[in-house]
Amino acid sequence: MVVRAGREFLAIPGPTTMPDEVLRAMHRPALDIYSDTMVQLTDGLLRDLGQLFATQGRCYIYIANGHGGWEAALSNVLSRGDKILVLESGRFAIGWGQAAAAMGVEVEVLPGRWHRAVDPAEVEARLRQDTQHNIKAVICVQVDTASSAVNDIEAIGKAIRAAGHPALYMVDAVASLACMPFEMDAWGIDVTMSASQKGLMAPPGLSFVATNDRARAAHQTANLRTPYWDWTAREGAEHYMKYAGTAPVHLLFAQRAAIDMLLDETLPNVFTRHRLLAEAVRRAVAVWAEGGVLGFNIARPEERADTVTTVTVDGADPAALQRYCKDKCGVVLGTGIGELRGRAFRIAHMGHINAPSILGTLGVIEMSLAALDIPHGKGGTQAAIAYLAAAVAAD
Ligand SMILES: *Cc1c(COP(=O)(O)O)cnc(C)c1O
C-alpha cells in the first residue's frame with residue numbers, strides 16, 4: 001500500500017519546488033532577443049538582483065548552474081598562481097576551492113569542523129599571519145548545504161577588515177539568497193554568487209554574480225579571464241553581449257515571475273517565513289532526537305541554517321527512511337553527502353515552502369520513523385505545530 005499520488009514534494013536542497021506562476025511564465029513563445037522587451041527584461045532582472053544582494057555594484061547573469069557561477073566569480077578576479085583562503089564549514093566552500101585549484105590557483109583551506117560554522121576569530125588570526133598579503137581572496141559560503149551550518153558572513157567580513165588584510169571577500173549565497181538577510185555592501189563583500197534553483201524558486205540553469213568596485217579593479221589584471229565568463233565582454237553595448245550569446249529567454253521569464261512573487265511578499269516576510277518554518281523543523285527534530293538515533297549535525301543552535309537541516313542518524317539506515325518517505329508518501333528528502341554519506345538525511349526548507357508543505361514533510365518523516373521502528377521521541381510534529389501556533393498570531 002502507498003499513500004502517494006500526484007506531485008512529489010521536493011524537500012531536497014535544490015532544485016526546489018517551482019510555484020505554478022513560475023511554471024506558467026515559461027509557457028509562451030520566445031522573444032526576439034533584439035527587442036526592447038528583451039532588453040527591459042534583462043535590465044529589470046539586473047536591477048532586482050541588486051536589491052536581493054543588497055548592492056549598488058554591478059550584477060551579471062550566467063547561463064550556468066552554481067558550479068558555473070563559481071567559475072565565473074573566480075576567473076574574473078584571480079590570476080594563475082594566486083593564493084586564496086577557503087573557509088571550511090562542510091562541503092561547499094571546499095568544492096568552490098577545488099574548482100579554483102583546477103584553474104591554477106593555490107588553495108589553502110582554513111580547516112573547519114563538519115558540526116560547526118566558521119569561527120571569525122580563526123579567520124582574523126590566519127590573515128594576521130599573512131603579513132606579505134599573499135592571500136588574494138577569502139572564499140566562504142553563507143549556508144553550507146551539506147552540513148547545514150550558517151556562517152556569520154557579516155562577522156567574517158569584520159574579521160577580514162580587523163586583520164587589516166586587503167584580500168577580496170567572496171561569498172556563495174546559493175543556499176541562502178532570498179531566504180535570509182544578505183547585505184553585500186553593508187557586510188563588505190566584494191563578490192557574491194548565487195543560482196536560480198533554490199531560494200529563487202526558478203529552474204536550474206541561471207547563476208548570478210554581483211561585484212563591487214574592488215572586485216572590478218582586481219578584474220583589470222586577472223589573467224584567468226576567458227571569453228564566456230568575462231565581465232568586461234558582458235558590459236558591451238549590444239544586449240546579446242550580456243549573455244555572451246543567445247539569452248536564456250524562458251529561464252528569464254521564470255526568474256522574473258519568481259522575483260515578482262518574492263517582492264510582492266516582501267523580503268522581510270520571506271525571511272520571517274523561512275525562520276519560522278525552519279524553527280518548526282528544529283522543534284520536531286529535537287523531540288525525535290530523544291530516541292537516541294536522530295540528532296542535529298550542527299551542534300550549536302545559533303549555527304543551524306534557516307534553509308536546510310542535516311539530521312544525523314546513528315544506529316539506523318537513513319536510506320531506508322528516505323525510501324519510505326519517497327516511495328510510500330511522495331516526499332523526497334535530501335541525502336547525507338560528503339563526510340555524512342550514509343549517516344544523515346537532510347530536510348530542505350527553502351524557497352516555495354509554507355506551513356502545509358513543512359508540517360506535511362515532518363508528519364511523513366514521523367510516520368516513517370514509526371513504520372520502520374526507528375527509536376525516536378514521540379510528538380515531534382506536534383511540537384512543530386505548537387511552536388507555529390504560538391509564533392503565528394491569530395490577530
Ligand atoms: C547547490 C549549491 C551549489 C551548487 O549549485 P549547482 O547549481 O548544483 O552547481 C553551490 N553552493 C551551495 C551552497 C549550494 O547549496
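Predicted model: local features only at pLDDT ≥ 70, side-chain atom pairs only at ≥ 80, totals over all residues.
1. **The ligand shell.** Asn-65, Gly-66, His-67, Trp-70, Phe-92 and Val-143 surround the ligand, together with Thr-145, Asp-172, Val-174, Ala-175, Gln-197 and Lys-198. By type, the shell divides into five nonpolar, five polar and two charged residues. Helix H3, residues 66-77, gives the largest share of the shell, with three residues.

2. Thr-145 places a polar side-chain atom 2.3 Å from an oxygen atom of the ligand. For Lys-198, an N or O atom of the side chain is 2.6 Å from a ligand oxygen. For Gln-197, the corresponding distance to a ligand oxygen is 2.7 Å. On its own, the ligand has 390 Å² of accessible area, and the protein covers 90% of that.

3. **The buried side of helix H7.** Helix H7 spans residues 213-221, and its buried residues are Ala-215, Arg-216, Ala-218 and His-219. Seen down the helix axis, these buried residues fall within an arc of 155 degrees, so they line one face of H7. An α-helix has 3.6 residues a turn, so residues three or four places apart point the same way. The cover over the buried residues of H7 includes strand S2 (58-63), H3 and strand S8 (168-172). It also includes strand S9 (191-195), strand S10 (206-211) and helix H8 (231-234).

4. Asp-213, Gln-220 and Thr-221 are exposed, on the face of H7 turned away from the buried side. Asn-212 caps the N-terminal end of the helix. A side-chain oxygen of Asn-212 lies 3.1 Å from the backbone nitrogen of Arg-214.

5. **Backbone exceptions.** Most residues other than glycine have a negative phi, and most peptide bonds are trans. The peptide bond from Gly-14 to Pro-15 is cis, with omega near -5 degrees. Pro-15 sits in the loop between strand S1 (9-11) and helix H1 (20-25). Ala-54 has a positive phi, near 55 degrees. Its place is the loop between helix H2 (36-53) and S2. Ser-148 also has a positive phi, near 70 degrees. Ser-148 is in the loop between strand S6 (143-144) and strand S7 (149-150).

6. **Ala-54 and Ser-148: buried or partly exposed?** Ala-54 is partly exposed, at a relative accessible area of 22%. Ser-148 is buried, at 3%. The cut-off for buried is under 20%.

7. **Asn-297.** This residue belongs to the loop between strand S11 (294-296) and strand S12 (308-313). Asn-297 counts as buried, at 8% relative accessibility. Its side chain reaches the backbone oxygen of Trp-114 at 2.9 Å. Beyond its neighbours within four places in sequence, Asn-297 is in contact with Trp-114, His-115, Ser-147, Thr-310, Thr-312 and Leu-340.

8. **Thr-192.** Not counting residues up to four places away in sequence, Thr-192 touches Phe-53, Val-171, Ala-173, Phe-182, Met-184, Phe-208, Val-209 and Ala-210. Asn-223 is 31 residues from Thr-192 along the chain, and their C-alpha atoms are separated by 20 Å.

9. **Leu-200.** Leu-200 is in the loop between S9 and S10. It counts as buried, at 0% relative accessibility. Leaving aside neighbours within four places in sequence, its contacts include Leu-52, Leu-177, Ala-178, Ala-195 and Phe-208. Gln-255, Ala-258 and Leu-262 are also among the contacts of Leu-200. Phe-208 touches Thr-192 too. Leu-110 is 90 residues from Leu-200 along the chain, with 30 Å between the C-alpha atoms.

10. **Glu-154.** Glu-154 lies in helix H6, residues 153-162. It is partly exposed, with a relative accessible area of 32%. Glu-154 and Gly-188 are 34 residues apart in sequence, and 7.7 Å apart from C-alpha to C-alpha.

Methods: Residues numbered from 1 in each chain as written. Heavy atoms only, no water. Near = heavy atom within 4 Å. Polar contact = N/O pair within 3.5 Å; in protein donor to acceptor, adjacent residues only side chain to side chain. Areas by Shrake-Rupley, 256 points an atom, 1.4 Å probe, with all protein chains shown as cover. Helix = DSSP H or I, 4+ residues; strand = E, 2+ residues; numbered from the N terminus. Nonpolar A, V, L, I, M, F, W, Y, C, P; charged D, E, K, R; others polar. Buried < 20%, exposed > 50% of the residue type's maximum accessible area, 1.4 Å probe, protein only. Arc of directions from axis to C-beta. Contact = heavy atoms within 4.5 Å.
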